[in-house]
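I wanted to go through this one by eye and write down what I looked up as I went. My notes follow the order in which I clicked around.

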Amino acid sequence: MTRQREVQAPETGTGLNRTLGVPQIVFMVVAFAAPLTVFAGLIPLMLGAGNGIGTPVDFVIVGIVLVLFTVGYSAMTPEVRNAGAFYSYVQRGLGTIVGLGAAALALVTYAVLIVSVTGYLGAAARNVMTTFTGVSVPWWILSAAGLGAIGYLGYRNVEVSARVLGVLLVAEIGIVALVDLAIVLRGGADGLSAEPLSWGAFSSGATGTGIMFAVFGFVGFEATAVFRSEAKDPDRTVPRATYIAVILIAVIYAFSSWAMISGLGVSRAAELAAQDPEGLAPGLATRYVSQVAHDGVQVLLVTSFFACILTAHNVVSRYLFALGTQDALPRRLGEVHAAHRSPHVASLLTSAVIGVLVAVTAIGGLDPVTEVYAWFGGAGTLGLIALLVLTSAAIVVHFLRVRTAGVWRGTVAPVLALLALGTILVLVVGNFDLLIGSHGLADMFLAVLATAFLSGLVWAVALHRNRPDVYATLE
């Protein structure tokens with residue numbers, strides 16, 4: 001098997017700028033995970049519909065599984081020279097046909113996630129405008145404005161995006177930390193308790209649902225590898241950034257969920273979350289900090305969604321760019337802007353496709369939160385887990401074949417990750433109608449994801465038959 005082609009470095013005059021270090025990549029990846037949206041939206045949902053006060057342990061367990069995944073993922077990074085993230089790893093381990101199936105699945109998965117979060121962005125921005133000005137604007141207008149700004153940043157050098165995301169992320173984590181610490185310093189509603197960290201708390205309630213939602217909170221951690229072509233030293237930067245991102249996300253979520261439970265009171269947290277999940281975080285900000293903090297949560301929730309979409313936009317653009325440089329997609333998608341050194345054509349296509357999909361949801365009259373965010377977000381979660389399972393399998397197969405990593409990095413950790421992620425996938429598929437809210441819709445989204453993967457397989461076979469020269473370069 002020949003080595004995949006590395007995207008050319010800047011000194012050739014045709015590559016992307018290698019300006020990103022570990023901090024910038026971590027900023028973008030954690031921004032994709034959107035800590036404030038998890039604090040304000042996902043954790044209350046897990047408290048009310050998952051395993052209640054066992055929510056902190058959900059994040060710890062998923063964090064451990066993803067660290068195990070990262071062990072093999074990082075060990076394989078120096079041998080994967082392409083910036084296609086999941087699909088490049090799957091292609092390296094399981095072959096070109098399955099790899100392009102994973103590429104198609106990844107593109108659809110991230111597109112679905114962007115549509116999901118864009119809907120909530122418009123709703124959150126509308127709430128802020130109504131609160132501060134009394135003016136109510138349709139959510140889709142505000143979503144369109146956000147997509148326009150994201151398209152502009154995505155067209156430019158990725159370092160510009162990294163700077164914007166760094167500022168937004170610091171503010172976002174700052175308000176979450178402020179509320180968390182205020183709760184802890186004031187002793188919570190009934191005093192601080194370690195009960196939410198116990199196995200008994202974790203195993204009560206809908207444990208499977210809790211784990212399923214926890215995985216949703218880590219969406220985007222794998223995007224570190226997508227920025228390989230723009231990292232200063234990719235073989236060192238990508239693994240370090242991945243470890244830091246996973247651990248940071250797990251710590252923030254586990255601590256914040258424990259603090260939220262303490263602020264509500266261990267005995268009443270699940271009940272209060274079920275009654276008013278949307279008002280939980282702003283209410284805690286008002287109760288333990290001030291009305292200003294309440295308003296800050298509302299405003300920063302908008303910027304949190306914006307940061308999440310911006311990172312996801314950059315991820316999709318780089319998937320398209322990597323496929324374009326390999327001629328698996330039209331070569332134009334692999335072009336680099338002469339001044340910005342960015343994948344500008346891929347970025348423009350991403351903006352256009354997402355814009356059309358969001359317009360369809362608006363024309364269809366879907367609610368931006370209960371329908372667009374919930375339905376598309378659930379589908380994106382399933383797609384991500386399927387990609388994690390495929391990538392884990394590819395890592396295991398790769399190191400069985402080449403034996404370039406030690407027993408822990410090349411065998412034990414990857415196999416444990418594959419078993420754990422496979423179990424989670426079965427769990428999510430079995431509860432998918434609960435996540436989506438409708439059996440019919442669940443079947444529809446399952447069909448969309450399955451069709452995406454199968455289309456990628458057909459695409460690969462067609463390349464092999466009609467363009468064997470291109471197919472050979474992918475092997």
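**Gly-188.** I started with what Gly-188 touches. Leaving out residues up to four places away in sequence, I got Ile-183, Ser-262, Gly-263 and Tyr-288. This is a predicted model, so I am reading contacts from a prediction. Gly-188 is in the loop between α7 (158-185) and α8 (199-202). Buried or exposed, I wondered about Gly-188? Gly-188 counts as buried, because its relative accessibility is 14% and the cut-off for buried is under 20%.

**Ser-351.** Next I went to helix α14 (residues 344-363), where Ser-351 lies. At 25% relative accessibility I have to call Ser-351 partly exposed. Which residues does Ser-351 touch, not counting those up to four places away in sequence? I found Gly-151 and His-313. I then looked up the pair Ser-351 and Ala-293, which sit 58 residues apart in sequence and 33 Å apart in space, C-alpha to C-alpha.

**Gln-298.** I moved on to helix α13 (residues 291-325), which holds Gln-298. I had to look up whether Gln-298 is covered; at 18% relative accessibility it counts as buried, since the limit is under 20%. With residues up to four places away in sequence left out, Gln-298 touches Val-128 and Thr-131.

**Helix α1.** I took α1 next, residues 22-33. From first C-alpha to last, the 12 residues of α1 reach 17 Å, close to the 16 Å expected at 1.5 Å a residue. How many of the 12 residues of α1 are buried? I noted nine, so I am writing α1 down as mostly covered. The buried ones include Val-22, Ile-25, Met-28, Val-29 and Phe-32. A reminder to myself: residues three or four places apart in an α-helix point the same way, because there are 3.6 residues a turn.

**Positive phi.** Just after α1, I saw that Ala-34 has a positive phi of about 55 degrees. Arg-403 also turned up with a positive phi of about 55 degrees, although it is not a glycine. I flagged these since most residues other than glycine have a negative phi. Arg-403 is in the loop between α15 (368-402) and α16. I have Arg-403 down as exposed, because its relative accessible area is 56% and exposed means over 50%.

**Surface patch.** I then looked at the nonpolar patch formed on the surface by Val-407, Trp-408, Val-412, Val-415, Leu-416 and Leu-419. Together they have about 540 Å² of accessible area. I picked out Val-412, which is in helix α16 (residues 407-430). Val-412 is partly exposed, with a relative accessible area of 33%.

**Whole chain.** I finished by zooming out. The chain has 19 helices and zero strands. Its C-alpha trace spans about 65 × 50 × 45 Å along the principal axes. Of the 475 residues, 59% count as buried. Among contacts between residues at least 6 apart in sequence, I noted that 82% join residues at least 24 apart. The chain exposes about 17100 Å², with carbon and sulfur atoms supplying 67% of that area.

Definitions and conventions. Residues are numbered from 1 along each chain as its sequence is written. This is a predicted model: local features need pLDDT of at least 70, side-chain atom pairs count only at pLDDT 80 or more; totals for chains, interfaces and linings use all residues. Side-chain values use heavy atoms; hydrogens and water are left out. Patches are made of residues with over 30% relative accessible area and no salt bridge: like charges are joined within 9 Å, nonpolar side chains (Val, Leu, Ile, Met, Phe, Trp, Tyr) within 5 Å. Accessible areas come from the Shrake-Rupley method with a 1.4 Å probe; for residues, only the protein chains shown count as cover. A salt bridge is a side-chain nitrogen of Lys or Arg within 4 Å of a carboxyl oxygen of Asp or Glu. Helices (H or I, at least four residues) and strands (E, at least two) are DSSP runs, numbered from the N terminus. Buried means under 20% relative accessible area, exposed over 50%, partly exposed in between (1.4 Å probe, protein chains only). Contact means heavy atoms within 4.5 Å. The expected span of a helix is 1.5 Å times one less than its number of residues.
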